Amino acid sequence: MDCLFCKIINKEIPSNVVYENDDVLAFYDIAPQAPVHVVIIPKQHIASPAHITAENCDIAGKMFLAASEIAKKLELEKGYRIVSNCGEDGGQTVQHLHFHLLAKRSLAWPPG
């Protein structure tokens, strides 16, 4: 499999890890869109939000729990945004389910 995030999980590509457990890995984005920009990924390869099933849906909850723990660790008490892009039209560039956690600046809506 030629998946960028799977290579990061397998330590074939270095990353600046901010959080890790048995199911989830989170690291700082290499092209941050906010002062804090963390990418949260499941260690299980799931291509996108469209590929979440009854059999693997528990990972989404684990990813949200990781986001909450990261926010506490990084002292994001003023708030943060979690974004998940799905598919080409949704802006997904890596075909591995992931959340972007953005913080430490005012985030307008709708996003640009």
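A nonpolar core is a set of buried Ala, Val, Leu, Ile, Met, Phe, Trp, Tyr and Cys residues joined through side-chain atoms within 4.5 Å, where buried means under 20% relative accessible area, exposed means over 50%, and partly exposed lies in between (1.4 Å probe, protein chains only). The views below show a predicted model, in which local features need pLDDT of at least 70 and side-chain atom pairs count only at pLDDT 80 or more, while totals for chains, interfaces and linings use all residues. Residues are numbered from 1 along each chain as its sequence is written, and side-chain values use heavy atoms, with hydrogens and water left out.

**View 1. The largest nonpolar core has 19 residues.** Among these residues, Val38, Ile40, Ile70 and Leu101 touch the most other members. The strands β1, β2, β3 and β5 and the helix α2 each supply at least two residues of this core, and α2 gives the most, with six residues. Helices (H or I, at least four residues) and strands (E, at least two) are DSSP runs, numbered from the N terminus. In soluble globular proteins, nonpolar side chains tend to be buried together.

**View 2. Strand β5, residues 99-103, is mostly covered.** Five of the five residues in this strand are buried. In a regular strand the side chains alternate between the two faces of the sheet. Both faces of β5 are covered, with Phe99, Leu101 and Ala103 buried on one side and His100 and Leu102 buried on the other.

**View 3. Strand β5 pairs with β3 and with β4.** Two strands pair if DSSP finds at least two bridges between them. Strand β3, residues 36-42, runs antiparallel to β5 over five bridges, and within this pairing valine 39 has histidine 100 of β5 as its bridge partner. Strand β4, residues 80-83, also pairs with β5 in the antiparallel sense, over four bridges, and here tyrosine 80 stands opposite alanine 103 of β5.

**View 4. The largest pocket holds about 580 Å³ of space.** On a 1 Å grid over the protein atoms alone, a pocket is an open set of points where a 1.4 Å probe fits, with protein on both sides within 12 Å along at least five of seven lines, and lining residues have an atom within 4 Å of a point. Grid points are joined across faces, edges and corners, and the volume is the space filled by probe spheres set on the points. Of the 29 residues that line this pocket, Asp29, Gln33, His37, Asn85 and His100 are the closest to its centre. The elements α1 (4-9), β2 (24-28), β3, β4 and β5 each supply at least two lining residues, and α1 gives the most, with three. By class, the lining has 15 nonpolar, 11 polar and three charged residues; Ala, Val, Leu, Ile, Met, Phe, Trp, Tyr, Cys and Pro count as nonpolar, Asp, Glu, Lys and Arg as charged, and the others, Gly among them, as polar.

**View 5. Aspartate 2 and lysine 7 form one of the five salt bridges found in the whole structure.** A salt bridge is a side-chain nitrogen of Lys or Arg within 4 Å of a carboxyl oxygen of Asp or Glu. In this pair the closest N and O atoms are 2.7 Å apart. Aspartate 2 counts as exposed because its relative accessibility is 68%, whereas lysine 7, with a relative accessible area of 24%, is partly exposed.

**View 6. Glutamate 20 and lysine 43 are joined by a salt bridge of 2.8 Å, N to O.** This pair links distant parts of the chain, since glutamate 20 lies in strand β1 (residues 17-20) and lysine 43 in the loop between β3 and α2 (58-73), 23 residues apart. Glutamate 20 is partly exposed at 39% relative accessibility, and lysine 43 is partly exposed at 27%.

**View 7. Lysine 11 has a phi near 65°, a positive value in a residue other than glycine.** Most residues other than glycine have a negative phi. Lysine 11 lies in the loop between α1 and β1 and is exposed, with a relative accessible area of 52%.
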